[in-house]
Amino acid sequence: MEAMPCRDRRVVGPVGVPAAEPGMPASGEGGQRQLRFAEPGPGSGDSPSPDSSGSGSGSAEGSRCYCAGGNGCCAGGGGGGGGGEGDAEAATTTTPHEWRGSGSAQLKLLPMNDQIRELQTIIRDKTASRGDFVFSADRLIRLVVEEGLNRLPYTECTVTTPTGYKYEGVKFEKGNCGVSIMRSGEAMEQGLRDCCRSIRIGKILIQSDEETQRAKVYYAKFPPDIYRRKVLLMYPILSTGNTVIEAVKVLIEHGVQPNVIILLSLFSTPHGAKSIIQEFPDITILTTEVHPVAPTHFGQKYFGTD
């Protein structure tokens, strides 16, 4: 039979970032995508993110720059990549961007649209019912998981259709697993299983010491061959980044290299993302929003313990 070509065949390996909107630089050589946060206005009533403590609270006129490389190229922006500046809810640009450093892109945002923005709004709304909160969180988790799966390796394959034609497609390479950081990371497990029914999932329990406030590992259980697998590390809220840093160190102790770890999160602060990338330059972080104020109530409200 004559082979029927796949016209929209996916690229094997990591998926590229969508084209920039008009007026934004393309993501080719020399191009950078930018993400800006508005500075808080007078009388802002929001409380600062936990990341803002000890990280400086200096302000500058205009918007802060969190462009690729953090070189402060945005108009009116201060030094990019600094965490904790500003304590007001702010709007971000609606284009995906990559935080480039050490020659590679580590921080990747889902392309912003009204659907994602609505889900983020419901999750942040203190008046939202728990039912609406969980429903919106599960939808947002699914979107992040789907994009995370896009960044796993694929191989080309040919299948036969019911009409007898040959179809050239792709399939997942074997050797992937998930790891959730308890407790809030467990909220993302079902979204991963909905997409990969037989995927193996490990767990890490990390809590902060009451006296030193340092993250401490209490429990870790992984597939025995995790050192040969690509890892989807799940943790919905990146505040200080300390918990994730400790989790990655545990994975490294079990033979996992940072360059095969994809961190799936829903929200991140600039400080949290920067801390993780500085500690592990080869790790990939996938999230929906980078904002100075993280919804740290996520785990309590999702599991009904708020």
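Reader: Which side chain does Ser 180 make a polar contact with?
Author: The side chain of Ser 180 makes a polar contact with the side chain of Glu 189, at 2.6 Å. A polar contact is a pair of N or O atoms within 3.5 Å; within protein, one must be able to donate a hydrogen and the other to accept it, and residues adjacent in sequence count only if both atoms are side-chain atoms.

Reader: Before we go on, what kind of model is this?
Author: It's a predicted model, so local features need pLDDT of at least 70 and side-chain atom pairs count only at pLDDT 80 or more, while totals for chains, interfaces and linings use all residues. Residues are numbered from 1 along each chain as its sequence is written, and side-chain values use heavy atoms, with hydrogens and water left out.

Reader: OK, back to Ser 180. Where is it found?
Author: Ser 180 sits in strand β8, residues 176-182. Strands (E, at least two residues) and helices (H or I, at least four) are DSSP runs, numbered from the N terminus.

Reader: And is Ser 180 buried or exposed?
Author: Ser 180 is buried, with a relative accessibility of 0%. Buried means under 20% relative accessible area, exposed over 50%, and partly exposed in between (1.4 Å probe, protein chains only).

Reader: New topic, salt bridges. How many are there?
Author: The count is nine salt bridges, where a salt bridge is a side-chain nitrogen of Lys or Arg within 4 Å of a carboxyl oxygen of Asp or Glu.

Reader: Which residue meets Glu 146 in a salt bridge?
Author: That's Arg 142, with 3.0 Å from N to O. Glu 146 and Arg 142 are four residues apart in helix α2 (residues 130-150), so about one helical turn separates them. Glu 146 is partly exposed at 33% relative accessible area, and Arg 142 is partly exposed at 34%.

Reader: What about Arg 151, which residue does it form a salt bridge with?
Author: Arg 151 pairs with Glu 147, and their closest N and O atoms are 3.2 Å apart. Both of these residues are buried.

Reader: And which residue forms a salt bridge with Arg 228?
Author: Asp 225 does, with the closest N and O atoms 3.6 Å apart. Arg 228 is exposed at 60% relative accessibility, whereas Asp 225 is buried at 17%.

Reader: Let's switch to strands. How do β6 and β7 run, parallel or antiparallel?
Author: Strand β6 (residues 154-160) and strand β7 (residues 166-172) run antiparallel, joined by seven bridges. Two strands pair if DSSP finds at least two bridges between them. Cys 157, for one, has Gly 169 in β7 as its bridge partner.

Reader: How many residues lie between the strands in that hairpin?
Author: Five residues lie between β6 and β7, and in this hairpin Gly 164 takes a positive phi near 95 degrees.

Reader: Which strands form the open sheet?
Author: Three strands do, in the order β12-β14-β16, with parallel pairing. β12 and β16 (289-290) are at the edges with a single partner strand each, so one side of each has no neighbour in the sheet.

Reader: Over how many bridges do β12 and β14 pair?
Author: β12 and strand β14 (residues 267-268) pair over two bridges, in the parallel sense. Leu 238 is opposite Ser 268 in β14.
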